[in-house]
Amino acid sequence: MKKKYLSAVVAVAAAATLAAPASATAETKPTETVAAAATTATVQAAETRTTPSKATVPNTPIRTVRPGERVDAGQGWTVWLTKQGKYWSGPDGYENFRSVVDGNIDRTQPGVSHQSEGGESGVFHSGLYYGTRAAGRVELTDKDGRKTLATLVALPGRSDWGVWYVHTAPTQGGSPAVALYDRSGKLLADLPAWDF
């Protein structure tokens, strides 16, 4: 019983001590000064909130896969990599291939390729990114300015190339712009959007 009573007295004393300086300070300042200070603080806070800031886009983690390992890319699509290049197949089972060793891409310079297939239910976009060991993200931008980040896949050892893929909504003709950025956010290579 004494412990409960003593705890209650200590709690009341602590509350009174904490409240005393705040009420004493408020009484010693004129009301107009306090109101003016509050108005100034509100204006400064509003100005701080409206200052524009540049939003940063996070890098996409690169998934490391074994040569030939099948990656479920969603909606019936599959991608896999070998030392020769990128393979992919769709819901119909038909397989496609894009070489990284036949001389059609220059792996000494950063670059990005783009293939797309789809219909009324959506479009599967994929391609190579190459010529860099510092890939940060691949980003698609449609004609309305909407941006979509792709998934990145690479072979072990972080070679100078990898594969990206992403799904988008159906389009009424045309192809989105594709951009490759490094880990610092610098644009390395891009393909402009085009209509067909």
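Rings of Phe, Tyr and Trp (its six-membered ring) pair if their centres lie within 6.5 Å. Keep that cut-off at hand as we work through this predicted model.

**Exercise 1.** Find which residues the ring pairs link into a cluster, and classify the pair of Phe124 and Tyr165.

*Solution.* Start with the total: the model has four aromatic pairs. Ring pairs join Trp77, Phe124 and Tyr165 into a cluster. Finally, check burial: Phe124 is buried at 2% relative accessible area, and Tyr165 is buried at 9%.

**Exercise 2.** Work out how the rings of Trp80 and Tyr87 are arranged, and whether each residue is buried or partly exposed.

*Solution.* The ring centres lie 5.6 Å apart with the planes at 5°, so Trp80 and Tyr87 are stacked. For burial, the cut-off is under 20% relative accessible area. Trp80, at 5%, is buried, whereas Tyr87, at 21%, is partly exposed.

**Exercise 3.** Identify the charged residues that sit over the rings of Trp88 and Tyr181.

*Solution.* Over the face of Trp88 you will find Lys86, 3.7 Å from the ring centre. For Tyr181, look to Arg137, whose charged end is 3.9 Å from the centre of the ring.

Conventions: Residues are numbered from 1 along each chain as its sequence is written. This is a predicted model: local features need pLDDT of at least 70, side-chain atom pairs count only at pLDDT 80 or more; totals for chains, interfaces and linings use all residues. Side-chain values use heavy atoms; hydrogens and water are left out. Rings of Phe, Tyr and Trp (its six-membered ring) pair if their centres lie within 6.5 Å; planes under 30 degrees apart count as stacked, over 60 as edge-to-face and the rest as tilted. Buried means under 20% relative accessible area, exposed over 50%, partly exposed in between (1.4 Å probe, protein chains only). A charge sits over a ring if NZ of Lys or CZ of Arg is within 6 Å of the ring centre and within 35 degrees of the ring normal.
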